[in-house]
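Hi,

Here is the structure I promised to pass on. Have a look at it first, and my notes follow below.

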Amino acid sequence: MSPETIALRAHFSKQVGSASRPSLTLSVDLEAGPGVTVLFGPSGAGKTTILNAIGGITRPERGRIALGNT
């Protein structure tokens, strides 16, 4: 995918679990073009965590999420 066709870039890591006992680190490396993008996977794979980070509901510990040039 060429850089001008990428609508969303998400490269981040997020600790998942409680603050006192994080159970794992979710590492995301996602580039999506314009249009519909679908996340799928088994229960507990991190789909909701990814959407919450992209939507600004949770904040990743490291990395960057960009929509277009923002």
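V38 sits in the loop between β2 (22-32) and α1 (47-54); helices (H or I, at least four residues) and strands (E, at least two) are DSSP runs, numbered from the N terminus. Please bear in mind that this is a predicted model, where local features need pLDDT of at least 70, side-chain atom pairs count only at pLDDT 80 or more, and totals for chains, interfaces and linings use all residues. Residues are numbered from 1 along each chain as its sequence is written, and side-chain values use heavy atoms, with hydrogens and water left out.

V38 is exposed, at a relative accessible area of 58% (buried means under 20%, exposed over 50%, partly exposed in between, with a 1.4 Å probe and protein chains only). Together with V36 and F40, V38 forms a nonpolar surface patch of about 420 Å² accessible area. The areas come from the Shrake-Rupley method with a 1.4 Å probe, and for residues only the protein chains shown count as cover.

L67, in strand β3 (residues 62-67), is exposed too, with 58% relative accessibility. Its C-alpha is 6.5 Å from that of R9, although L67 and R9 are 58 residues apart in sequence.

K14, in strand β1 (residues 8-17), is buried at 16%. Beyond four places in sequence, K14 has contacts (heavy atoms within 4.5 Å) that include L24, T49 and R59.

Best wishes

Technical notes
Patches are made of residues with over 30% relative accessible area and no salt bridge: like charges are joined within 9 Å, nonpolar side chains (Val, Leu, Ile, Met, Phe, Trp, Tyr) within 5 Å. A salt bridge is a side-chain nitrogen of Lys or Arg within 4 Å of a carboxyl oxygen of Asp or Glu.
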